[in-house]
Amino acid sequence: MKAVVTVVGRDTVGILAKVAGVCAETNVNVEEVTQSILSGTFAMIMVVDVTACTIDFAELQQCFNAAGEEKGVDIKVTRQELYDAMHHI
Amino acid sequence: MLDTKDILETIHMISDENLDVRTVTMGISLLDCADEDPHRACEKIYNKITTRAKDLVKVAEEVSTAYGVPIVNKRISVTPIAMLLAPCKNPDPVEFARTLDAAAKKVGVNFVGGFSALVQKGFSAGDRLLIDSIPDALAATDIVCSSINIGSTKAGINMDAVALMGPIVRRAAEITAQRNCIGPAKLVVFCNAPEDNPFMAGAFHGPGEPDCVIHVGVSGPGAVRAALAKQSAGMDLGEVAELVKRTAFKITRMGQLVGNLVSERLGVPFGIVDLSLAPTPAIGDSVANVLEEMGLESCGCCGTTAALALLNDAVKKGGVMASNFVGGLSGAFIPVSEDAGMIAAAQCGSLSIEKLEAMTAVCSVGIDMVILPGDTPAEVISALIADEAAIGMVNSKTTAVRVIPAIGKQVGDTLDFGGLLGWGPVMQINRFSPAKFIGRGGRIPAPLQSLKN
């Protein structure tokens, strides 16, 4: 089961490490990472496999919320099907 | 393959442009709850709703969390209650309304629609009883919505019902005057009412629908406005329509996905996606602002009807491609008190009731959430209903009236309902009397379907 983690906010040191840390703790496998900085805004997208995740999806979202608050960025985790539905015919 | 741009666009639409699924509505047939004994009928209704919709809110919230899509409302629509009053001996319709209210609160939804009657061609057993009880039923309950279909393209307009509904709307306002006249905000008078509409206050579960079904109403005026703001500079109107279509496609695909998931997880068949641009009082989430983004100084000025026609059509064209079943009201809603741009336009004098009436000829519904002076005579309200019904009947479209006489208030005052129902200014309405016309009663015959000019 694939999900997409998006991180948007002001660039600071250690964002990638923080998000990757949450993934490692919850047994979420990171498959792909892209990141860019557009006019000072940090945008990172991670495609992850949550099949073997040790906690349920709502709890995973809460972990990312807490990590986001700590780093001052907005982190969302969303099932991949949403993007497929909206952007592919 | 996922594209970064697409992902960020979706996140942006949800986080900053108020994109959401406005409602997941479970339609429940109550036909098998009919009983001669009204108390027994109410017991069956309560049991059926609380059984069928037991997991609706929980499942909708699970889907919302997993897919990051806000689902603002979870609602229930039921078989028009007049049909269940018909076989009862001495029923009290308010008891039925209280039953709906209690069942809906038990399962945690925020509205239940279906305190309704379909009287486009005349009254049958139960219809008059239900209509007469509407003000009391709406005052005695919190989340029950009522709707009456008084006309259709096939049947014409039941002017006896129209004459009844003006006083009912007034009375509903009078007995809830202490609660910001909330009664009539939960009451819609329709022509050509759709039987699968997921939006309140007009939702009911038509007799042709299956036993239980999931409908979805999408939203997204904020996303359409933002797309126009970012990309429409220099575009001609054909290109603007194309841009609206593309955005509506994405919005609708999201609704279809959510509908499929909720229906699958509940084991209930999927009904339709209602392709509606439904505004909220939140800044930027406004249909009026979409029209203004196309180049109007203020919604209501000349050009508004044309801009709305373009918007309404493009939303449908984009949405139809994105969904396998489309239904409900589908189009752009133009409620005044629920749309910050409409409120501003009404306050600055740009938007009048007459212009709103013209707009309803090309939009998805009608004169919606319009606040009238508190002393507006009942026959004026009836005549406004007749005018709207005539537009719907002749143009083979749904039209509706949901107006709120603000008891004790005049033009220049405001009325605040709070929440999604919003607030708005009391609007000026023509005071010349249609009393004799309304007093004639009878039925306006169904219109010719050829020689269209």
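Reader: What makes A:Glu31 and A:Lys2 a salt bridge?

Author: In this predicted model, the closest N and O atoms of A:Glu31 and A:Lys2 are 3.4 Å apart. The cut-off is 4 Å between a side-chain nitrogen of Lys or Arg and a carboxyl oxygen of Asp or Glu, so the pair A:Glu31 and A:Lys2 counts as a salt bridge.

Reader: Why is this pair said to tie together parts of chain A?

Author: A:Glu31 belongs to strand β2 of chain A and A:Lys2 to strand β1 (residues 2-10) of chain A, so the pair joins parts that are 29 residues apart in sequence.

Reader: Why are A:Glu31 and A:Lys2 called partly exposed?

Author: Buried means under 20% relative accessible area and exposed means over 50%. A:Glu31 has 40% relative accessibility, so A:Glu31 is partly exposed. A:Lys2, at 33%, is therefore partly exposed as well.

Reader: How confident is the predictor in chain A, and where is confidence lowest?

Author: Chain A has a mean pLDDT of 90, and 99% of its residues reach 70 or more. Confidence in chain A is lowest in strand β2 (residues 29-38), with a mean of 87, and highest in helix α1 (residues 15-25), at 93.

Reader: What makes A:Glu81 and A:Arg79 a salt bridge, and is A:Arg79 buried or exposed?

Author: The closest N and O atoms of A:Glu81 and A:Arg79 are 3.0 Å apart, which is within 4 Å, so the pair meets the rule. A:Arg79 has 11% relative accessibility, under 20%, and therefore counts as buried. A:Glu81, at 31%, is partly exposed.

Reader: What makes B:Arg40 and B:Glu43 a salt bridge, and where do they lie?

Author: Their closest N and O atoms are 3.4 Å apart, within the 4 Å cut-off, so B:Arg40 and B:Glu43 count as a salt bridge. Both residues lie in helix α2 (residues 38-52) of chain B, 3 residues apart, about one turn of the helix. B:Arg40 has a relative accessible area of 38% and is partly exposed; B:Glu43, with 45%, is also partly exposed.

Reader: Which residues are linked in a network of salt bridges, and how many salt bridges are there over all chains?

Author: The network links B:Asp32, B:Lys48, B:Arg52 and B:Asp211. Over all chains the count is 28 salt bridges.

Reader: How many salt bridges are there between chain B and chain A, and how many residue pairs are in polar contact there?

Author: Between chain B and chain A the count is 0 salt bridges. The rule does find 7 residue pairs in polar contact across this interface. On the side of chain B that touches chain A, α1 (4-16), α3 (56-67) and α9 (237-266) each give two or more residues. α1(B) gives the most, with 10 residues. That side of chain B divides into 15 nonpolar, 5 polar and 5 charged residues.

Reader: What area is buried between chain B and chain A?

Author: The buried area is about 2200 Å², and carbon and sulfur atoms give 72% of this. Chain B and chain A put 25 residues each into the contact.

Reader: Why is B:Ser219 called buried?

Author: B:Ser219 has 0% relative accessibility, under the 20% limit, so B:Ser219 counts as buried. B:Ser219 sits in the loop between β7 (212-218) and α8 (221-231) of chain B. Residues touching B:Ser219 include B:Leu19, B:Asp20, B:Arg22 and B:Ile251.

Reader: What does the side chain of B:Ser219 reach?

Author: The side chain of B:Ser219 reaches the backbone oxygen of B:Ala278 at 2.9 Å.

Terms used:
Residues are numbered from 1 along each chain as its sequence is written. Chains are lettered from A and ligands numbered from 1 in the order in which they are written. This is a predicted model: local features need pLDDT of at least 70, side-chain atom pairs count only at pLDDT 80 or more; totals for chains, interfaces and linings use all residues. Side-chain values use heavy atoms; hydrogens and water are left out. Helices (H or I, at least four residues) and strands (E, at least two) are DSSP runs, numbered from the N terminus. Buried means under 20% relative accessible area, exposed over 50%, partly exposed in between (1.4 Å probe, protein chains only). A polar contact is a pair of N or O atoms within 3.5 Å; within protein, one must be able to donate a hydrogen and the other to accept it, and residues adjacent in sequence count only if both atoms are side-chain atoms. Contact means heavy atoms within 4.5 Å. Buried area is the accessible area (1.4 Å probe) that two parts lose on being put together, summed over both. Ala, Val, Leu, Ile, Met, Phe, Trp, Tyr, Cys and Pro count as nonpolar, Asp, Glu, Lys and Arg as charged, and the others, Gly among them, as polar. pLDDT is the predictor's confidence in each residue, from 0 to 100. Lists of a residue's contacts leave out its neighbours within four places in sequence.
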